[in-house]
Amino acid sequence: MDENIILLNGYRHLVAIARDLASTLDLDILLNRIINAAVQITESEAASILLYDEAGKKLFFQAATNLETPILHGLIVPIEGSIAGWIVLNRQTVRIMDFHKDPRHFGKIEKATQFNTDSMIGVPLITKDKVVGVLEVLNKKSGYFNETDENLLSGLAAQAAVAIENSRLFQQSDMIAEFVHELRTPLASMGAATYLLSKPEITKKQREQLLQGLQTESTRLNDMATSFLDLARLESGRVQFHISKFDLLPLLEECSIFMRTRADENNIQIEVSVPEEFPPIEADRDKIKQVIMNLVSNAIKYNSKGGLVKIDAEPYKDEILIRIQDNGIGIPETAIPHLFEKFYRVKSSEEIAVGTGLGLSICKQIIQGHGGRIEVHSEAGIGTTFTVFIPRYSKIVPKPNKPIPLP
Ligand code: ADP
């Protein structure tokens, strides 16, 4: 086909993509649309986006057409000694015909992803004079990457950079508004308590109660700030998963030992059982531990004196399943669909235990980042079971490219 016609078709395609990008502010959806469009307009085998962490002076993979999320989130590329790093530092596009001969290439990624790169184009993503990342396409399906591909990809990168910036700004302002709203209640009750404490006529008992209330609210504010930052990092994709192979039983036992003091205070038993021949799993151990601790902590908090918390696990197809079961207060059916929403707490649990309503949102983000899911079964007054499903191996499975129709 005539080079001008290819270019014209490509630009028509870019206009369609611009409309498509403007229609979402969800960063993950946006990045996936960009890489799928990049693969199509340049007819390449794969595309990826690396975002630049200016503070840490490194790049991390945020989306790729050929990699599953858990692998993706573990991949870090240094600024020095990598092609992507060179693109960021020099703010220039590169087109490479023979990838392995290029002295700038960073070999570790190919080993980790088992994807063989022959040729590539990499374009910096620049907004308001700041480099936010790099868009790369790998291996042209037939022939060689040419100037037309480079021009089309630069056009896409310009749109993508603006869309990424908009999505980040929106996400930040949305979350901050929510956080500030949630701060109002504890701050109001602290304000009221300090006002009352200044009154000379209050009794010793009232003083003690007010001080206790102040302490509880300040702990809650502290937990809220920590959890909020955790969640903001997870939601913006700035958390790296460090995948390793480990046995589950010792991890579950560690969680139970850590929680035992809290459970003992309320005379609650914790039981751990895992089949003897349990295969090791591949995941981020610390993050999975954070999820289990959160679920066990809830199972203790929302239990009754003398209650029971059972933790068990079993292999389930290509996944492993971890169950945390309690015979506590349970969750009303109408509350179940809202459980994983930020700041959501069941009304009745407000009186039972202090909480932030962020724990389950964090768990969901971590488990989804591993390509897994969490299910809940509960009956009010009987008890609750949270079941976590995690893929046993963090496999590299090519993702299908969703085609975007040509105009
Ligand atoms: P927090 O416990 O800090 O409020 P979470 O996000 O961990 O926040 O939980 C959200 C809400 O879900 C809790 O406030 C509680 O109402 C309900 N919940 C969670 N786990 C349980 C459980 N095991 N039993 C009963 N209710 C629960």
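How do the residues of the lining of the largest pocket divide into nonpolar, polar and charged? They split into 16 nonpolar, 18 polar and seven charged. Here Ala, Val, Leu, Ile, Met, Phe, Trp, Tyr, Cys and Pro count as nonpolar, Asp, Glu, Lys and Arg as charged, and the others, Gly among them, as polar.

Keep in mind that this is a predicted model, where local features need pLDDT of at least 70, side-chain atom pairs count only at pLDDT 80 or more, and totals for chains, interfaces and linings use all residues. Numbering starts from 1 along each chain as its sequence is written, and side-chain values use heavy atoms, with hydrogens and water left out.

A pocket is an open set of points on a 1 Å grid over the protein atoms alone, where a 1.4 Å probe fits, with protein on both sides within 12 Å along at least five of seven lines; lining residues have an atom within 4 Å of a point. Grid points are joined across faces, edges and corners, and a volume is the space filled by probe spheres set on the points.

| Pocket | Volume | Lining |
|---|---|---|
| Largest pocket | about 1000 Å³ | 41 residues |
| Second largest pocket | about 690 Å³ | 28 residues |

In the largest pocket, N294, S297, N298, K301 and G355 lie nearest the centre. For the second largest pocket, those residues are D26, D28, L234, E235 and Q365, and its lining has eleven nonpolar, ten polar and seven charged residues.

Now for F386: leaving aside neighbours within four places in sequence, its contacts (heavy atoms within 4.5 Å) include L295, I322 and I324.
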